[in-house]
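Have the structure open while you read.

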Amino acid sequence: MPGTTAVPDIELVVEDLGGGGGGGPTPPPAGGGDGDDGNKRRRTGGPPSPNRYYTGIALGIVSILMFFMALASAFLVRRGTSGDWIPVHLPPVLWLNTLALIASSFTLERARRSLSRLDLSGFRKLWIVTTGLGALFLIGQLVAWRQLVAQGVFMASNPASSFFYIFTAAHGLHLLGGVAALLYVLVRKFDNTRVALPTAAEIASYYWHFMDGLWVFLLALLYLGK
Amino acid sequence: MVNYDSGANHRETPQTGFLSRYVFSTRHKTIGLNYLWLALFSVFLGMAMSLLIRIQLVWPGAHLPLLSSLGNSPDRFAALTTLHGSLMVFLVLTAAPQAGFGNYFLPLQIGAREVAFPSLNLLAFWATVASFVGLTGAFLISSQSSITLWIVSVAIFCAASLLNALNFSVTTIDLRAEGMSLPRMPITVWAWFLNAILGMLIFSILLAACACLLSDRLWSTHFFPSLNFIANQPASVVANAVPVLWQRLFWFFAQAEVYVAMLPCFGLTTHLISTFSRKPVWKERLVVLALCGVGLFGFCVWGQHMFSSGMNPFSPLAFSLLASSLGLPAAILLASWLGTLWKARVQLNTAMLFALGFISLFLSGGLSGIFLVRHDLAAAAVSDDFVTGHFHLVMGVAATFAILGALFFWFPKLFGRRLNEPLGKLHFWITFAGVYCVFMPMHWLGLIAHSRVSPGSPLASVAAAGSAIRTFITVAILLTVFAQGLFLINFLWSLIRGEKAGECNPWRATTLEWSVPSPPPTDDFGLSDPVVYRGAYEFSLTDVAEDFVPQYLAPEQSAKARESGE
């Protein structure tokens, strides 16, 4: 039976793979670390390709986007079908928060540029600023909630206020995850791990920019849809 | 960011102890098996529920063990149907073919040693267990908070499915073995992959809907108009407002959920049919496209259920067309199965029987679906029994047949032993006849129910036969459920005493999981990474010694085998 004998045999024949007969245009697994001795395709303990993290964050973003799109479509449908809709007057502090969040995206990119110039201390400084701006945004959102509560607008007041609170809360929770990711990149030693620091920073930056853009979209929805 | 230190060091440090080996193991095989055990437990629990439901319908006064003690009220009956439905749909139909078999065999079939994010995988499994406990617990506590608990459990299940879907799609995209190009992927992998993408989109939506509903219940927000509010509104507002939003969000999920359960089953069936017909999948590329089509259309037909239930969304015609267009990929799949079977030397073992049973059930269930797709017919013909019959035949039972077929197929790989074939065949035939006896009369009941509208019609006498049909269904379901005892006996006995599978590849199948010993070692492929040289369905080639060429056989080896064979 070929089935029973195939495993040891593979090692004998792999060296002929380069001939291209059956292999097809498939790239070797990156980071496999076995490029030098083409004889045996034994597995090595080296770090696997970081591709999975890029793919993971991209698909995760699509999934999160879907979550917010469901809420957004519910927002639009609910607004159209009911007579109990009382628009929320957005607290002005939201605009300051938005500025802080957009600024954080810029400092994040500056930080990554320092990192690519191997300027580690500059990177850490700007990265801390980014994290701080993110935290500032979250505190600002809490302030906005307090202001609404002071005006007597609660979660249970009417559908418009319910939607305002769930949008800000869901986005805030996701952004809190982003802040955690930024802190993780800052604190973690990347000497002996599967991903290098620039990769981790890049992946965190994708999520952060997405959260930034998502907030701008939600704010526009809340502002225009009131 | 995932803490990722686990996977690499597992080889060197063999795990000891029950907890680290079975409960908190991040190995994909352990997690996949755990999902299957959970599904097995749930399916028997859910089947017991369905028995109670039918007995309650036919003999309403009967004293039932669980129902009577908790109060024999309509509320309890509703809770019972809810538990039956949620257990079967979530923990069996969604979890078993995708998370169960997928976790175990997707990495094996693409030559990966692990899923992309093992820790998330473990988290997803235990979240699924938590949701199982919550769903069951919601039935046992009979109060207002049970509904809250149910919603929380569903939300947790959504989150778990999202993690699982993320894992599967990233694994398929990034961790394929050398040579495993997309066209060479087995159809099963395609189905799991496409299903993961679909799941990632729709479980987010159900999660959002659950979050809104939960916040309505806990913090009295106003996402879904409350009953107090509705009562004070003019009638025109009431008719529009109550279910629109919830229905929209829920059916967006639920219609696609049908395809989430069916997609992996399509993949499994295609795989089994090809292997046991000893023929390549007929029009393999077209089948992959059809699977993509099922995913895409399944995502788009969310409005279809709304006109079936008498609502009028913005464009019933558009949705009617979309729902009908699902017939196209379904027809392609059917054509491919028949094309593969055409003039094949079919090996009629139990796994193949279940795959053929799947085709039969899918076809007859799909035919009654045509009535539901036509929105003018749907308004006339739809009653609860018709929908129940259609839905169970096409989704519930058909998917279960695919799962059972896959279990008979992969049992030797999972446990190193075979299931008993004669007992399996007996179990198949009783179940096959049984489900037709249960669900076909249910369609008639649905049609008869509407004839009662005009008492003068000749159909009125037929309507009187309704209660006799109900009794027949209940007797049939009793027999079918007890026939599952045969399966349980076969399963448990084979687990301990079954005939040893012996070789790696007892079915003479082509995919990578059959290149490793049964059950596979902890690190799957041993010391050398697998390499793939060819497509997944190379059967009945003329110039080779055997009638199949496995994916892992190098061209030089197959030439050698040919020479030695001649």
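Are α3(B) and α20(B) roughly parallel or roughly antiparallel to each other? Keep in mind that this is a predicted model. In it, α3(B) packs against helix α20 (residues 466-497) of chain B at an angle of about 160 degrees. Angles over 145 degrees count as roughly antiparallel, and α3(B) and α20(B) are therefore roughly antiparallel to each other.

Helix α3 spans residues 28-58 of chain B and also packs against helix α6 (residues 118-140) of chain B. Here are the two pairings side by side.

| Helix pair | Angle | Axis separation | Handedness of crossing |
|---|---|---|---|
| α3(B) and α6(B) | about 15 degrees | 10 Å | left-handed |
| α3(B) and α20(B) | about 160 degrees | 10 Å | left-handed |

With an angle under the 35-degree cut-off, α3(B) and α6(B) are therefore roughly parallel to each other.

The contact of α3(B) with α20(B) comes out as nine nonpolar, four polar and two charged residues.

Where domains 1 and 2 of chain B touch, domain 1 supplies 27 residues and domain 2 supplies 33. On the domain 1 side, α5 (74-110) and α8 (187-219) of chain B are the elements that give two or more residues. The largest share of that side, 15 residues, comes from α8(B). By class, the domain 1 side has 21 nonpolar and six polar residues, and no charged ones.

How far can you trust all this? The predictor gives the complex an ipTM of 0.83 and a pTM of 0.86. Chain B has a mean pLDDT of 81, with 78% of its residues at 70 or more. Over residues 452-456 of chain B, though, pLDDT is below 50, and the stretch has two contacts beyond near neighbours in sequence. Residues 236-242 of chain B also stay under 50, with 10 contacts beyond four places in sequence.

Conventions. Residues numbered from 1 in each chain as written. Chains lettered and ligands numbered in written order. Predicted model: local features only at pLDDT ≥ 70, side-chain atom pairs only at ≥ 80, totals over all residues. pLDDT = per-residue confidence, 0-100. Contact = placed C-beta atoms within 7 Å. Axes fitted to C-alpha atoms, helices over the stretch in contact; angles between N-to-C directions. Helix = DSSP H or I, 4+ residues; strand = E, 2+ residues; numbered from the N terminus. Parallel < 35°, antiparallel > 145°, perpendicular 65-115°, else oblique. Left-handed = near helix turned anticlockwise from the far one by under 90°. Nonpolar A, V, L, I, M, F, W, Y, C, P; charged D, E, K, R; others polar.
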